[in-house]
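Here is a short briefing to read with the model open beside you. It moves from a sulfur bridge to the strands around it, and then to the nonpolar core.

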Amino acid sequence: MEKYSAKISIPFLGTLIYKRRNPIIVAISEEKVLFEMSCEKRGNGENYLKVNGVTFEKTLEKFLSEYLEGIGESGIHVEVNIISYPKSFGISTYASLSGLLMKILGEKLGYEVTFDDIVKYSPLLETDETLNYLPIIMALRTSSLIGKSIIYRLDEGYIELPSKTSLEVYTTSLNAPLSSRKIVNIEFKDYFVHLEGRNVIESARLIREGKIPYENIVFEEAMQHVFYAIEETLDLNVYFRNKCLAFPDLNYKTALLCLKNDKFKTKLTIYL
């Protein structure tokens, strides 16, 4: 088996809003996923894919199966063993791995796979669950592939951020889904959707000036409380006291990124 590594990006600032495409900022980190892979052609039967070592094995296997079928391959035997990866943002590891494996597998089978190919075709390979998180997954996948922090809007592309200003953050994974709050008043909802999007754009502007958008993070906390039923996932005192932002994670979990720490032990460094 050949060994590989991939950089991991994590969501930094933004709110996933149902049927909206607001921008999101994702940050490159020092974390990496290490894995080994074998790929063999064994006749013309069904493809065989096996992923070991992560909690989202079936999701990644389904993605790769759709990929091989899409490029017309059969009789391919693929095994991927994950050696190490950050535990608190499964969605980040999935986004990074799936994009990189498209390139590795494609090239092993004789195809030239470009960055644009991955961006164009990877959304077509997602499961019903991961399609719900597509704006975040595509932002993370893009950031990981180019090795830069970015501000991203689905179907509109991305802008690179300097990726030089370091910031220590604390992360954890919660075994509870992040539920959207039902907002009946559409005019009211549209107003806050606009405010949230402007906050992300303003945060990116400050980051490009070499600043950490602390005030914008506090504002984003409030926006998340508008759109998410945060109180159903964790203690609001913990959420606000630790300057946390919540993001959906795979297997219907919630990932937290916090600026302060009186509860969470996992610390990592990101670059904005």
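Cys 244 and Cys 258 are joined by a disulfide, with an S to S distance of 2.1 Å; a disulfide here is a pair of cysteine sulfur atoms within 2.5 Å. The pair links distant parts of the chain, since Cys 244 lies in strand β8 and Cys 258 in strand β9, 14 residues apart. This is a predicted model, in which local features need pLDDT of at least 70 and side-chain atom pairs count only at pLDDT 80 or more, while totals for chains, interfaces and linings use all residues. Residues are numbered from 1 along each chain as its sequence is written, and side-chain values use heavy atoms, with hydrogens and water left out.

**The disulfide and the cysteines**

- The structure holds one disulfide.
- The torsion about the S-S bond of Cys 244 and Cys 258 is about 100°, so the disulfide is right-handed.
- Cys 244 is buried, at 0% relative accessible area; buried means under 20%, exposed over 50% and partly exposed in between, using a 1.4 Å probe and protein chains only.
- Cys 258 also counts as buried, with 0% relative accessibility.
- Cys 39 is partly exposed, at 23% relative accessible area.

**Strand β9 and its partners**

- Strand β9 covers residues 253-258, and five of its six residues are buried, so it is largely enclosed by the rest of the structure. Strands (E, at least two residues) and helices (H or I, at least four) are DSSP runs, numbered from the N terminus.
- On one pairing, β9 meets strand β8 (residues 244-249) in the antiparallel sense over six bridges; strands pair if DSSP finds at least two bridges between them.
- Within that pairing, Ala 246 stands opposite Leu 256.
- β8 and β9 form a hairpin with three residues between them, and Asn 251 in the turn has a positive phi of about 60°.
- β9 also pairs with strand β7 (residues 166-174), antiparallel over five bridges, and here Thr 171 has Leu 257 as its bridge partner.

**The nonpolar core**

- The largest nonpolar core has 89 residues, of which Phe 12, Ile 25, Phe 35, Ile 82 and Ile 270 touch the most other members. Such a core is a set of buried Ala, Val, Leu, Ile, Met, Phe, Trp, Tyr and Cys residues joined through side-chain atoms within 4.5 Å.
- Helix α2 (residues 90-108) gives the most to this core, with nine residues.
- Leaving aside neighbours within four places in sequence, Phe 35 is in contact (heavy atoms within 4.5 Å) with residues including Tyr 4, Val 80, Ile 82, Leu 97 and Ile 104.
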